[in-house]
Each structure stands twice: as structure tokens, then as C-alpha cells.
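Dear colleague,

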Amino acid sequence: MFVCRTTRVRVATGWRLKGCAFHGSKPYSDDAYYEQKEIRQRMKCITHFYNQSAIDHTINKPSVRLTPGAILYAGKNQDGTHILHEMYIRAFNILSEFPIIHNFEDDQNYCVTLRKLLDDHKDVVSLLAEGFCESRKHIKDDSLIKIFLDKTLTSRLGIRLLAEHHLAMHEEKANHVGIINVNYSPQKHIEKKAEFVRNVCLAKYGAAPNVRMNGHLNVTFPYIAPPLEYIMGEILKNSMRATVESHLDNLNHLPDIVITISNNDTDFVIRVSDRGGGIPVDLVQKVFDYSFTTSGTLTDDRVSGGLFGTITQSNFTGPAPGLMAGYGFGLPCSRAFAHYLGGNLTLESLQGIGTDVYLRLRHVDGKRESFRI
Ligand SMILES: Nc1ncnc2c1ncn2[C@@H]1O[C@H](COP(=O)(O)OP(=O)(O)OP(=O)(O)O)[C@@H](O)[C@H]1O
Ligand SMILES: [Mg+2]
């Protein structure tokens, strides 16, 4: 280090001395020219030396192990605090330190606190998805990420369902026991969702396919609507996008998306069939990987809540431009939810023709044991 500094001082002095050769209009001699050249080369070497030593210095530092936990804690507020870490610790403290509820007033206060926390956390998944997409290139072990995200997303879903249930138990809503709709009509709710996604699609592309439904249309049973509607929204967005993008030269004659409902004592199946050209064989294995997307843009306005943020809000309707595709989270997240709900999400692609997505979910009051929140 000492040697370096001396060298720099010496060179700097030399530079100043030789610098006088540049003053005035008189051209400097050959000797001066070569001296200048030598000095420049020496300066270059020294710059390299300093840069190299900075690299060596960094190499000797302990490497940062990027783990899923690190991602969770990595998002930062503008004031430097870690968003997700802070939010979860804060929520835990608020709830665990909440005084024992003795009367109606205490319960009201607890409900206000719960609602506030639900609102505060509504963008967590978008933040997580965004952070994950940004740090994706540094992550070597995909399976670790999948385990982490599956677990984080489903436990978040469970917590939100519980909290929403507690709040809903305080409201009088026809056909509802808390968050369970005892008279759930898949046809009615899917139609509503399809209309919503059509509006999103229309706003984004200026065209959208129609949705037709068949099968057990009149069936009703008890179910928790929000997670099912979230999954249907993601499947429909994909199908509509594929349909539009594969018919860009004929937007006035888009093939319909056909939804079939099949119900039995144990579970029910919803099949979504589109004519959106299917998925190439070499990509079909990847579509359930977190952050795999062919949308080619991460500029969608997902951060402002989006469908992720409103995962347990059933009253989320109306057009919302720019949410058709983005993070490559739709399918993997939906499949994690389907597993959590005691079901499954699979996909069959007929390349060149279209895609069939099968969502199978277990009844909450069926013959077999249901899922555990
Ligand atoms: N019905 C479909 N037809 C054709 N390709 C599909 C279909 N469904 C999914 N895909 C392909 O799978 C990829 C991953 O889908 P996924 O829903 O996980 O992410 P995304 O739609 O790209 O983004 P996000 O859902 O997070 O907004 C899509 O980008 C698309 O290439
Ligand atoms: Mg999608």
C-alpha cells in the first residue's frame, strides 16, 4: 500500500512537471512526446492495479449466500428498512401483544387492527414476485425457491383466509358462514370472473374472446370463493392472452374459450379449453416454474395491488388495464393454492391448437377429508 501511494505521488509530480510541455502554442519535442506516452502507460497500469486490488479485496470478503429468506428480507423501504421483514415482525408483535378480549368493544378494536393489517399486507406477494424476478439470475437452486415460495404463498393464503373469516363472522351476508358461501355456484362466479378478465383483455389488446360454459352448470355447494376465483382469473388471463396473441391477424373472429364444470361427491373439476395455439413442447415443462414467462415484459402494473394483492377480496371487479401477464407467477402460484386446497392443477397442451387446463378441487363438506387452513 505504501509503495502504491509513493508511486502515485511520484507520477503525479511527474505529470505536473511534464504538463508544462502542453502549455502555449509551441509543439513539444519527440522526447517530451515519448515521455508523456510512458507516463500515460504507467498511469494506466496503476489504474489497473487499483481496480485489480479492489477486486482482490472483494474476493477475500465472505460471499453473500442468497437464500429465499434473504429475498424475503431484501426488499427495502426508501428509508432503508426492510419492507417484508419489518411488516411481518410488526404484524406478529401487534397480534401477539393484543390484550385478551373481554368484551364487545375489545373485539371491535381487534377487528379494526386485523383489517388494517390485511390492508397493509395486500401488496406483499407482488413485492415478493417483483423481488424474485429481479434477483432470479443470482439464484442457482430453483427447487429451493419453489419450496420457499409455495410455502410462503400458501401460508399467507391460510392466514388471510383465517383473518377474513374472523371479520366476516361479524357481518350478516346472505348464504354465508364467515368466508364460506354455503350456496356457491361455480357457474355464476366463474361467469363474473370471466367478464372481469375480458375487460382486462379488452383494455390491453382491444379484443377478447367470448367464454362459453357447459357441464354441471346448475350445481351449488359450500365453498370459499376467493382462492378459487383467483385461480380462475389466472387461468383465464392466460387463455385469453394466448387466444388473442395467436390470432392477431384476425381479431374479429377469436375462437371461444370453453369452460366445463364437472361435479361429484368428493370433488369438482373445472376445465378451461382455449384455441390459443398451445405451448411449444420444449416450454411445457417450464410453465409451472416460478418466474417463467413468455410475456417478455415486466412492466405490468402488478405492484399496485393487482390480482395478487386482492387475493381474498371477492369484491374486486371492474376493468384493470395492464394485468394480463408479467411475472410468471400465475400458474405456479395457482397450482400451490390448488394443492393447499386439497386439489390439483394440470395442463395439457396441443401444440398448434390450444391448451386445456384442469383445476380439480375437493369439496369442503365432501366424502373425503377436506383441507386444513
Ligand atoms: N393457455 C395457455 N396457452 C398458451 N400458453 C400458456 C397458457 N397458459 C400459460 N401459458 C404459458 O405459460 C407461461 C407462464 O404462465 P404464468 O401464468 O405462470 O405466467 P404469465 O402469464 O407469463 O405471468 P403472470 O401470470 O404472473 O402475470 C406464460 O407466459 C405462457 O407462455
Ligand atoms: Mg398468467
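**Findings**

An open sheet is formed by 3 strands in the order 1-2-4, and the pairing is antiparallel. Strand 1 (176-177) and strand 4 (221-224) stand at its edges; each has a single partner strand, so one side of each is left without a neighbour in the sheet. Please bear in mind throughout that this is a predicted model.

Within this sheet, strand 1 is joined to strand 2 (residues 180-184) by 2 bridges, and the two run antiparallel. Val177 has Ile180, in strand 2, as its bridge partner.

Further pairing involves strand 5. Strand 3 (residues 211-215) pairs with strand 5 (residues 257-263) in the parallel sense, over 5 bridges. One of the residues concerned is Gly215, whose bridge partner in strand 5 is Ile261. Strand 5 is also joined to strand 6 (residues 267-274), by 6 bridges, and here the strands run antiparallel. The bridge partner of Ser262 is Val269 in strand 6. As a general point, strands of a sheet pair through backbone hydrogen bonds, either parallel or antiparallel.

Turning to the helices, helix 5 (residues 104-120) packs with helix 7 (residues 142-168) at an angle of about 140 degrees, and their axes are 10 Å apart. That angle makes helix 5 oblique to helix 7. The crossing of these two helices is left-handed. On the side of helix 5, the residues that meet helix 7 are Cys111, Leu114, Arg115 and Leu118, while helix 7 presents Arg160, Ala163, His166 and Leu167. By class, this contact of helix 5 with helix 7 has 5 nonpolar residues, 1 polar residue and 2 charged residues.

Finally, there is ligand 1 to consider. Which residues are the closest to ligand 1? Of the 21 residues that surround the ligand, the closest are Asn238, Ala242, Thr293, Thr294 and Gly330. Two or more residues of this shell come from each of helix 9 (225-245) and helix 12 (330-340). Helix 9 gives the most, with 4 residues. By class, the shell around ligand 1 divides into 9 nonpolar, 10 polar and 2 charged residues.

With kind regards

Terms used
Residues are numbered from 1 along each chain as its sequence is written. Chains are lettered from A and ligands numbered from 1 in the order in which they are written. This is a predicted model: local features need pLDDT of at least 70, side-chain atom pairs count only at pLDDT 80 or more; totals for chains, interfaces and linings use all residues. A residue is near a molecule or strand if its C-beta atom, placed from the backbone, lies within 6 Å of it. Ala, Val, Leu, Ile, Met, Phe, Trp, Tyr, Cys and Pro count as nonpolar, Asp, Glu, Lys and Arg as charged, and the others, Gly among them, as polar. Axes are lines fitted to C-alpha atoms, for helices over the stretch in contact, and angles run from 0 to 180 degrees between N-to-C directions. Angles under 35 degrees count as roughly parallel, over 145 as roughly antiparallel, 65 to 115 as roughly perpendicular and the rest as oblique. A crossing is left-handed if the near helix is turned anticlockwise from the far one by less than a right angle, and right-handed if clockwise. Two residues are in contact if their C-beta atoms, placed from the backbone, lie within 7 Å. Two strands pair if DSSP finds at least two bridges between them.
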